[in-house]
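Biologist: Could you walk me through this model, one piece at a time?

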Amino acid sequence: MAKTKMKTHSGLKKRVKRTGTGLLKRTKAFAYHKAEHKSPARKRRLRGMTLVSGSDMKRIKQLVAYK
């Protein structure tokens, strides 16, 4: 019996990118919803990308195995 390939999680592949060294990067949470109530300094800190935490890395790498 032939083995089937695991499918990439389609929701996650839109939200995660790989770095050159194989780590995963993501956008920061809490940045846009109700942004008018957040201070400018807080909104600046929430800009840009950050790495997926080490405790989640193994689980998320499996979900985006072929990306």
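What follows is a short chat about the sheet, the core, a salt bridge and a loop residue.

Modeller: Heads-up before we start: this is a predicted model, so local features need pLDDT of at least 70, side-chain atom pairs count only at pLDDT 80 or more, and totals for chains, interfaces and linings use all residues. Residues are numbered from 1 along each chain as its sequence is written, and side-chain values use heavy atoms, with hydrogens and water left out.

Biologist: In what order do the three strands of the open sheet come?

Modeller: Strands here are DSSP runs (E, at least two residues), helices likewise (H or I, at least four), both numbered from the N terminus. Two strands pair if DSSP finds at least two bridges between them. The pairing in this sheet is antiparallel, and the order is E1-E2-E3.

Biologist: Why is one side of E1 and of E3 left without a neighbour in the sheet?

Modeller: Strand E1 (16-18) and E3 stand at the edges, so each has a single partner strand.

Biologist: Which residue in E3 is the bridge partner of Lys25?

Modeller: Strand E2 covers residues 24-27, and three bridges join E2 to E3. For Lys25, the partner in E3 is Leu51.

Biologist: Which residues make up the largest nonpolar core?

Modeller: A nonpolar core is a set of buried Ala, Val, Leu, Ile, Met, Phe, Trp, Tyr and Cys residues joined through side-chain atoms within 4.5 Å. Buried means under 20% relative accessible area, exposed over 50%, partly exposed in between (1.4 Å probe, protein chains only). The largest one has seven residues: Leu12, Val16, Leu24, Val52, Met57, Ile60 and Val64.

Biologist: How far apart are the closest N and O atoms in the salt bridge of Asp56 with Arg59?

Modeller: The structure holds one salt bridge, meaning a side-chain nitrogen of Lys or Arg within 4 Å of a carboxyl oxygen of Asp or Glu. Asp56 and Arg59 are three residues apart in helix H3, so about one helical turn separates them. Asp56 is partly exposed at 27%, and Arg59 is partly exposed at 47%. Their closest N and O atoms are 2.9 Å apart.

Biologist: With which side chain does the side chain of Ser53 make a polar contact?

Modeller: Ser53 sits in the loop between strand E3 (49-51) and helix H3 (54-63), and at 32% relative accessibility it counts as partly exposed. A polar contact is a pair of N or O atoms within 3.5 Å; within protein, one must be able to donate a hydrogen and the other to accept it, and residues adjacent in sequence count only if both atoms are side-chain atoms. At 3.2 Å, the partner of Ser53 is the side chain of Ser55.
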